[in-house]
Amino acid sequence: KRHPGGAGPPAPLPWDFPGPPLLPRLCSFRPSLAMSSVTGTVTIQQPLNYRAGGRVQPVDGGQAEEVYEPATGRVICKVLCSGQKEVDLAVQSAKAAFKIWSQMSGMERSRVLLEAARIIREQREEIATMETINNGKSIFEARVDIDISWQCLEYYAGLAGSLAGEHIQLPGGSFGYTRREPLGVCVGIGAWNYPFQIACWKSAPALACGNAMVFKPSPFTPVSVVRLAEIFTEASVPKGLFNVVQGGAATGQFLCHHPDVAKISFTGSVPTGIKIMEMAAKGIKPVTLELGGKSPLIIFSDCSLENAVNGALMANFLTQGEVCCNGTRVFVERKILDAFTKEVVKRTQKIKIGDPLLEDTRMGALINRPHLDRVQGFIKQAKEQGAEVLCGGDLWVPDDPKLKNGYYMRPCVLGNCTDDMTCVKEEIFGPVMSILPFDTEEEVVERANNTKFGLAGGVFTRDIQKAHRVVAALKAGMCFINNYNISPVELPFGGYKASGFGRENGRAAIEYYSQLKTVCVEMGDVESVF
């Protein structure tokens, strides 16, 4: 099965690792990170802000936030939240670098992005391990994330040299032309489920278009994006072109309100997206919002059952279910409901949970204790509303004593679900699959669209006409046919309705990180009407 954005030969599903467990792979971390790659031994001592080409502590650092290793529950560092002065310094640093970068040719910018991609590819294991320690996902998945990241930089490096306007012939020998110009200093605000990958998805098109960026990662996962900032510097971007500020909501507000910020790109929850849109409106700043989802996955009886089961697992349990576009409402045609459910439960119970740095682990730890409790609360409510827990849903208690305080649970499959249940209507953002029966195509399309969200949707069927007909009717920005959660960087990604607007990836992202200037040239005398 091909992984999201992956290229090359097929790889096994994340939970189908063949063969015996392997020892954790050790790798050499840079001294500045003060890390090892063994679970439960991490200490991060260096500053996690990045400004003007180097790591710095914020000049007005406020409240210190504890950062956890999800696998063990240990505090791996404390991060000082950046105040208004630090945010201003980061924006001014980006603004100065923008003057240099924006005057470089597309080919010059392309070479720098290609060098950054090369460094990421070379340091794949180091960065993936860092991501796993801070995020909790399996090292197997983290490596895929890093591959998607360098592919993203390579893709936009390829586009950088091709960005152009157009020439328009006008009467009498006059003409007009358009220039595609950068916006200026762009702000990226990332989520904790794909920290490094999201930073690349936002920075690659922004830098390719000639912009600078100030990036604020989630305070839960502040570590890996600073490595990306160092890589950009190593690749010879002007110092200050990509800066990192750490912090929570207050830091984000300072960024959104800053008068020298030209654009904001945010990935996260709907409530926070609404607040960012309101703040951006006061400065008439364009925004890209990639928000939540409660996506439908439609399984028709004429599907390949094995492939549909694989798709359902991919649509629900990647990154412990903490994926915005997951197909968590699994609509199954009644004719195959029992067979499908039996196989899904069987496969779900075999998913290997444990230390995310072990090679055979396919499900690691959720991001933190409050989130784990929230997911457990959804399952409890589902049972109270009449859903049946077919498997999982309980806390997983590891044998390894160093993991005893980690945030683990068994992946859950819910049966006997109805459309009005909270578990079917609200985004859980955890490893919880809800199965719902349907009888007709018309019925399932109507039910699939009956949601405030519109991020993704999927269809499994051998009838290709039906597949295209159904995805055309789905009100969702990213649709899959006979696969799920495959997101090549060549294809635009984004949602409808409350799932946000704007697009990341593909050529479409260029439109959101550049602006057109029109120039009209008169070759004769101006004819005055006065």
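Predicted model: local features only at pLDDT ≥ 70, side-chain atom pairs only at ≥ 80, totals over all residues.
The UniProt record, in an unreviewed entry, lists residues 64–519 as "domain: Aldehyde dehydrogenase".

Two packed helices are described by the angle between their axes and by the distance between those axes. Helix α3, formed by residues 124–135, packs with helix α6, formed by residues 224–234, at an angle of about 155°, and their axes are 9 Å apart. Angles over 145 degrees count as roughly antiparallel, and α3 and α6 are therefore roughly antiparallel to each other. On the side of α3, the contact is made by E126, I127, M130 and E131; on the side of α6, S224, R227 and I231 take part. Sorted by class, the residues in the contact of α3 with α6 comprise 3 nonpolar, 1 polar and 3 charged.

Strands of a sheet pair through backbone hydrogen bonds, in either a parallel or an antiparallel manner. Strand β6 comprises residues 175–182 and is joined to β5 by 3 bridges, with the two strands running antiparallel. Within this part of the sheet, I168 stands opposite G176 in β6.

Key:
Residues numbered from 1 in each chain as written. Heavy atoms only, no water. Axes fitted to C-alpha atoms, helices over the stretch in contact; angles between N-to-C directions. Helix = DSSP H or I, 4+ residues; strand = E, 2+ residues; numbered from the N terminus. Parallel < 35°, antiparallel > 145°, perpendicular 65-115°, else oblique. Contact = heavy atoms within 4.5 Å. Nonpolar A, V, L, I, M, F, W, Y, C, P; charged D, E, K, R; others polar. Pairing = 2+ DSSP bridges. UniProt positions renumbered as here; feature names shortened; annotations may be inferred.
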